[in-house]
Amino acid sequence: MGPPGSGKGTISKRIAESFGLQYLSSGHYLRESIAANTEAGILVKRYVERGLLVPDNVMTRLMVPRLEQLRNHSWLLDGFPRTLAQAQALNSVCELDLVISLNIPYETLKDRLSDRWIHPASGRVYNMGFNPPQVQGRDDITGEPLIQHEDDKPEALVARLRHYKDVAKPVIDLYKSQGILHSFSGTETDRIWPYISSLLSAKIDTHCGKIGQN
Ligand SMILES: Nc1nc2c(ncn2[C@@H]2O[C@H](COP(=O)(O)OP(=O)(O)O)[C@@H](O)[C@H]2O)c(=O)[nH]1
Ligand SMILES: Nc1ncnc2c1ncn2[C@@H]1O[C@H](COP(=O)(O)OP(=O)(O)O)[C@@H](O)[C@H]1O
């Protein structure tokens, strides 16, 4: 959990690589459906472009079948669930081990997003200051051009942050009440990462039987 620009994608990739989890990003699947230009994709585009949340039933139909295919794997979700209805739908299909919430100041979010560049096909994320590509404007692996998301523009960002705050609170409260929420605050991913890494190392050591079967 965390507002746009809080580092969910950056940290999720580190977690997935360090701990061998399957990585599922709601934003990536949404952009994939937009690119496919299906009926659902056209509907999704209208919301994403305006910085609005995609309706819960659309999101749940997009994400839950993917999780059902991964019943025998350990996975990490990035960007889903974002609303209480999505969290309830998720709870009805699986039991989460832990939830990470990132608290990052607004000014930091704004600066990061104006500098965020993406390789659309893979979802690889760059930042011109923090993790620049080896060749400016090009993906490190494929050499293909990088793009900026429409919804990272400042006009869309304010609306996205407002929506995030409204809808995230009940979700955070739910996970807090389940005793699985872990919150981290700061302005630098590299300083937050060691705490997240130790949390997961401890959890995976003590619950490796369960995570392995999940
Ligand atoms: N300057 C700076 N940029 C960061 C840091 N952590 C992540 N970023 C960049 O900030 C942007 C937003 O991060 P991302 O992981 O995409 O956030 P998400 O929207 O929560 O998934 C990306 O361009 C990242 O490369 C950091 O500690 N410092
Ligand atoms: N779980 C979700 N529920 C509703 N809309 C979502 C969800 N995840 C992503 N979106 C939509 O996709 C956009 C981009 O999401 P994402 O790539 O996760 O970026 P960010 O982390 O920067 O918000 C969001 O602004 C929102 O419109």
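User: What is the average pLDDT of the protein chain?

Analyst: The average is 89, and 95% of the residues score at least 70. pLDDT is the predictor's confidence in each residue, from 0 to 100. For the model scores, ipTM is 0.93 and pTM is 0.85.

User: Which elements have the lowest and the highest mean pLDDT?

Analyst: Helix α9 (residues 208-213) has the lowest, 41, and strand β6 (residues 181-185) the highest, 97. Helices (H or I, at least four residues) and strands (E, at least two) are DSSP runs, numbered from the N terminus. Over residues 208-214 pLDDT stays under 50. Where pLDDT is low, the predicted coordinates should not be read in detail.

User: Why is T83 called buried?

Analyst: Buried means under 20% relative accessible area, exposed over 50%, and partly exposed in between (1.4 Å probe, protein chains only). T83 has 9%, so T83 counts as buried. T83 sits in the loop between β2 (75-78) and α5 (84-93).

User: What makes the link between T83 and D56 a polar contact?

Analyst: Their side chains are joined at 2.8 Å. A polar contact is a pair of N or O atoms within 3.5 Å; within protein, one must be able to donate a hydrogen and the other to accept it, and residues adjacent in sequence count only if both atoms are side-chain atoms. A polar atom of the T83 side chain also lies 3.1 Å from the backbone nitrogen of Q86.

User: Which polar atoms lie 2.8 Å or 2.9 Å from an oxygen atom of ligand 1?

Analyst: A backbone N or O atom of G5 is 2.8 Å from a ligand 1 oxygen, and a polar backbone atom of G9 is also 2.8 Å from an oxygen of ligand 1. From N131, a polar side-chain atom lies 2.9 Å from an oxygen atom of ligand 1. The protein covers 89% of the 580 Å² of accessible area that ligand 1 has on its own.

Definitions and conventions. Residues are numbered from 1 along each chain as its sequence is written. Chains are lettered from A and ligands numbered from 1 in the order in which they are written. This is a predicted model: local features need pLDDT of at least 70, side-chain atom pairs count only at pLDDT 80 or more; totals for chains, interfaces and linings use all residues. Side-chain values use heavy atoms; hydrogens and water are left out. Contact means heavy atoms within 4.5 Å. Accessible areas come from the Shrake-Rupley method with a 1.4 Å probe; for residues, only the protein chains shown count as cover.
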